[in-house]
Each structure stands twice: as structure tokens, then as C-alpha cells.
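Look at the sequence and structure first, then read on.

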Amino acid sequence: IMIVDLVDMYFISILGEASLAAAVGFAGLGLFFGASICIGISVAISTIVAQALGEENEARAQRYATHGFIYTLLWTVPVTILTLVFARDILSLIGARGETLNLAVGYFRIVGASLPILGLAFAATSLLRAVGAVKLSMWSTIIGGMVNAVFDPLLIFSAGLGLTGAAIASVISRISVAGIALFSIIKTHELVTRPSWPEMLDDFKAISVIALPSMLTNLSGPISSAFATSQMARFGTDAVAAASVVGRLTPVAFAGLYGLSGAVGPIASQNFGANNFARVRETLMAAARFVALYVVPVSIVMYLLQNTLIQVFNLHGESAELLRFYATFVAGSYILFGLQLSANPIFTALRHPGFATLSNIMRDLVLAIPLIFLLSHQFGARGVLAGQALANAIAGIVAFSVALWMSGKVERGERIGPNWCRIQLHRQRPVVPGVQHRG
């Protein structure tokens, strides 16, 4: 899914117009709001299904998965309608102006119309990880990227559709991911069954316990990004274009971290459901080791290839300097951001996802916005990137420390928090409202 965005940006950069890259950046940020809702729902569905599987209750897992897909559509369809109607207002609020705004609105409306499909894709791929079919989850998204890579040049150049062709290719890619993942969930793993109307409302409540706080928490990310983009827009179209490239290069370069976050949740949840608390802590420590082993070489490679990246994405002047700054000083900070991506799913697995809510709010709102504001006024466009990196680093250290403390208490059989801060999940499990955030 992340490769899809990067491939789009590559082919659009070949057209050689900074306004096109900036338009994709603005539109992508608007689409990020809808994707955050999908992520929150998919986390909730995979968490409760994984817990049911850990307790060897396959019937309940099937029911949760089925009702989870319906729950996804009930949210994404109305959100799609609202965002399409108010697309111009949303993108204008972020900072898009003039011709860039017109281009961004056109791209946003085409890709945004497929939000329900993206929601089903996120839910299905997260369920594949929950049942242990991680390779198929991987291949469904890889094939989606390959489909996009094929249709992008055909529609952008051969059909002469330009930015519109890139948007259509993204929609086709989303359909491919959703189709492959749903086919496996329905046919291979038989997780979808006939809806149980009498129990559907109760299951919606169980999903909402995690999904609603998750969506609210995930929206802190787009809010922070919207503020960063509005600050970057003060320095011109080239700065926004560079930020757009960085915003799509980062998820692909550090895809292992986002994949790690998606893997930690189901593993920790199954072990917690099976009362194997020692492995929950082991999972957290293994995740930290993975982060270090992954980020260090990736950061070195990105530093060495910075000039190549500048040429590939056709960056010049200020935009080229921004990419150099990112590859030299910012990329390595993701080792600390990866600690937060490891810690947040542990909070959810330990029935205290409210701690993940707090860590995300601290990162995106309490830290990022003031740091971006201060550093951008002091150092210009580079300060925007530096402010985001510093917020990620501080939040990562704090979140991992708290997760380590919590997992240790659970392993020793101690209570994590007071009874007054808990609510009931599945009518029997105490949990604090909140959620894992997958980035």
C-alpha cells in the first residue's frame, strides 16, 4: 500500500512540474484522514479476533470478523460521501492554493471515492496477520504495488491522463489488495460466516471499545501532518514537493517498522489470551532488537543514495536540499520512532490501550506542533522536518519505557492500574479506552 504512493510520486515527478508533486502531497494528506479511520477499525477487529483465536474460540472469531467487515462499511461509506463533498474546503484549509488546489481536488476525489475498499483491505490484511497468514498478507500488498506500477505509466503517459491516470491506478491497486485478502479470509481461512443479527449490536459495541478511541487517536497524526504541511507551504511549492517525496519515501524505506507494529499486536494478544505473560515481554524486547537491526542499515543506505534519490524524483534547488537534510540527519531518528511502534500494540494487548492514546497525542499534538512551529521559524523548511523527528524520538523513548514497565508488572502478576480507569470488553475483560497506532 505504501509502495503505491511512492510509485505514484515517481511517475508524477517524471512530468517535471513541482505543482503536480505538491498537489499529490496535499491530496495525500487529506486521504490520510480517511486511512486513519480504516487503521483504527482494522486494529480493533484484528485485536479481538486474535484474542478469540488465542482462547481457541473459532466461532466467536468468525462472528467478530464478519461483523467487523460490516462495521467497516458503516463507517467508511458516510465518511467518503462527506469528504468528497467538502474536498475543496478540506484541502484549502491545509494550505493548497490556486492551480495546485484544483489539481489536488481532482486527485483527492478519485482516490477518496475508494475509501470503503481501502477499509476492507486494511481489515482483511490485518485479519490475515491475526490468523498467522503473514506471507499472504504481505503478498496481497506487494501485488497491489505491482499492479499500480503497471497501470501508472499506462494511464499517465500512454493514455495521456497525467495526474488523473495516477489516481485511477491507485484505485485499481486498492481493489487488487482488497480482492486478494478478502478471498483468502473467506475461502481459505473461512473467517466470514452468515451475520448474526441478534448479536451484531453487541459485537459492534465490542469493536467500538477499541475502534472509536483508535480512530480519534489516529486522527492526531493527520492533524499534526496538516499543521506541518501548512508550515511547509510558507516556504513555497518546491518545499511542499520535497515534503511530498519524503512523506512517500519514508513509509517504504521503513516499511519493516510498520510491519513490525502490525505483527506485535496479534502475537502479544494471543499470548496474553493464553496467559503466557512472559512471552508478551519477550515480544517487546525482540521488537526493539529488530528496530535497531533494521533502521541502522536502512539509514546508511539512504544517506549514501541521497543524490540518486534527488535525480530519480527530479528535485532541484530547495527541494533537493531538503531531501539531503532528511537523508543525513532525520532518517536515523526512526530508530526511536520504531520503539513507539513496538510499544503501542503491547498496550492494546495488555488491555490498556489508553496508554497508546496518550503516547500518540503527546507525539502528534503536545510535542510535534509546538516543535514544528518553533524550529520552522528558526531554521525554515528544515525546521519542519526536524520538529517532526524530535517529537517522534521523545515519544518513542517514553512509550517504550512505559510498555517495558507494564509488561514487567503483568509478568509478575501485579495490577497495572486502578479499577476506576477500566471498562469492560467482551463483558469480561477490563480495558482502558484507546488503541494501538500503526503509523
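Helices here are DSSP runs of H or I with at least four residues, numbered from the N terminus. The model is predicted.

## S220 in helix α10

S220 sits in helix α10, which covers residues 220–233. Is S220 buried or exposed? S220 has a relative accessible area of 3%. Buried means under 20%, so S220 is buried.

Which residues does S220 touch, leaving aside neighbours within four places in sequence? Its contacts are N360, I361, D364 and L365. With D364 there is also a polar contact: the two side chains meet at 2.9 Å. T357 is 137 residues away from S220 along the chain, yet their C-alpha atoms are 9.5 Å apart.

## R174 in helix α8

R174 belongs to helix α8, residues 163–188. Its relative accessibility is 17%. That value is under the 20% cut-off, so R174 counts as buried.

Beyond neighbours within four places in sequence, R174 is in contact with V111, S114, L115, I117 and L118.

## Helix α17

Helix α17 runs over residues 354–379 and has 26 residues. From first C-alpha to last, α17 reaches 35 Å. That is close to the 38 Å expected at 1.5 Å a residue.

Where does α17 bend? The bend is at A368, by about 45°. A proline, P370, follows within four residues. Just after α17 comes G380, with a positive phi of about 75°.

Notes: Residues are numbered from 1 along each chain as its sequence is written. This is a predicted model: local features need pLDDT of at least 70, side-chain atom pairs count only at pLDDT 80 or more; totals for chains, interfaces and linings use all residues. Side-chain values use heavy atoms; hydrogens and water are left out. Helices (H or I, at least four residues) and strands (E, at least two) are DSSP runs, numbered from the N terminus. Buried means under 20% relative accessible area, exposed over 50%, partly exposed in between (1.4 Å probe, protein chains only). Contact means heavy atoms within 4.5 Å. A polar contact is a pair of N or O atoms within 3.5 Å; within protein, one must be able to donate a hydrogen and the other to accept it, and residues adjacent in sequence count only if both atoms are side-chain atoms. The expected span of a helix is 1.5 Å times one less than its number of residues. The bend at a residue is the angle between axes fitted to the seven residues ending there and the seven starting there.
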